[in-house]
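Subject: Handover of a structure

Dear colleague,

Please find below the sequence and structure that I am handing over to you. My notes on what was found follow directly after.

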Amino acid sequence: MSDVHIAVPGEAQRTISEAEARETSSRKGWPAGTLYWKDGMPDWRPVTELAPVPAESQLNPYATPTVAETVAPPQPGMFTFVKDPRGITVVLVVLLGLIVLIDTVSLLLNFSQHVMLSRSFTDEEATANDSRQGMVFVVRLITFIATTVCFCMWIHRANRNSRGFGAQNMQFTPGWAVGWYFIPFANLVKPCQSMAEIWKVSGDPFGWTQRKAGPVVATWWTLWILNNISSNVASRLSGNARNIVDLQASTVAWMVAIGISIASAVSAIILVRGVYRRQAALVRGSRDETGGV
């Protein structure tokens, strides 16, 4: 075994044999945050990766590694947050929950409007309906803006933490993980790829390139796209409405769009909580993906 360079937080770097480093890992362990490097490595890595070599493997170098040898569970202190995302995750989940609540109210109001348009109604009824619709629209717009800002901040932090876990070859930087949402046409694909990268790294920082994002990210992104399309269609129908029939058609379109929006917000809550729980599990040093959010 070759020599390795050891960097213990608060201490001067030193060089020891790899065998000694592994022995220390098995005997008493290294302080949290200790890194190591040796010739041929592209970057410093957590010293906890230097697990003791099993005796059987030493006796028989041609032995097939067991699962325990090749996929060791993360150790407490092996991963740390660049910045703890718990607070912003809680705020984002609450805002997404408000979107669901407001959309539910809006769905009921649009159903009421559809019923009203199907019969004779007075000017007072129409005015009261317009007032309710306008009030809900303003509240939803404010909540939507706050949610968008918070979501961008959360994505930036989730990406930073993913990089802080030591993941290599990540394609998206924290800035571009957010920026791609605002680039026309590219925002149909890139944000989904970025989120898939965060999801995979959050579950396995060292082997993430061999992982699949799974249905959570795909479902969230599909509903996100459908939400934008349906809202655009409903808005155009509403703006071009010239008679009762047109208003009825636009009301139905809005009901469909709002229903998709509710599903989209719920899927976003599942995604956000899932990413946080995966990252929190790494920091706790377990493969359990349950967390406190």
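Asp103 forms a salt bridge with Arg140, and the closest N and O atoms of the two are 2.5 Å apart. The term salt bridge is used here for a side-chain nitrogen of Lys or Arg within 4 Å of a carboxyl oxygen of Asp or Glu. Because Asp103 lies in helix H4 and Arg140 in helix H5, the pair ties together parts that are 37 residues apart in sequence. Helices (H or I, at least four residues) and strands (E, at least two) are DSSP runs, numbered from the N terminus. Asp103 is buried, with a relative accessible area of 1%, whereas Arg140 is partly exposed at 23%. Buried means under 20% relative accessible area, exposed means over 50%, and partly exposed lies in between (1.4 Å probe, protein chains only).

Before going further, please note that this is a predicted model, in which local features need pLDDT of at least 70, side-chain atom pairs count only at pLDDT 80 or more, and totals for chains, interfaces and linings use all residues. Residues are numbered from 1 along each chain as its sequence is written, and side-chain values use heavy atoms, with hydrogens and water left out.

Salt bridges

Side chains of opposite charge can pair when their charged atoms come close. By the rule above, the count comes to 5 salt bridges. One of them joins the side chains of Glu18 and Arg22, at 2.9 Å from N to O. Both residues lie in helix H1 (residues 18–27), 4 residues apart, which is about one turn of the helix. Glu18 is buried, with a relative accessible area of 5%, and Arg22 is buried as well, at 18%. The side chains of Glu125 and Arg119 also meet in a salt bridge, at 3.3 Å from N to O. Here Glu125 is partly exposed at 29%, and Arg119 is partly exposed at 41%.

The largest pocket

H5 gives the most, with 14 residues.

The strands around His5

Where does His5 sit? His5 is in strand S1 (residues 3–7). S1 pairs in the antiparallel sense with strand S2 (residues 14–17) over 4 bridges, and with strand S3 (residues 35–37), also in the antiparallel sense, over 3 bridges. Two strands pair if DSSP finds at least two bridges between them. In S2, Arg14 is the bridge partner of Ile6, while in S3 Trp37 stands opposite His5. The C-alpha atoms of His5 and Leu35 are separated by 8.3 Å, although these residues are 30 residues apart along the chain. His5 is partly exposed, with a relative accessible area of 27%.

Yours sincerely,
A colleague
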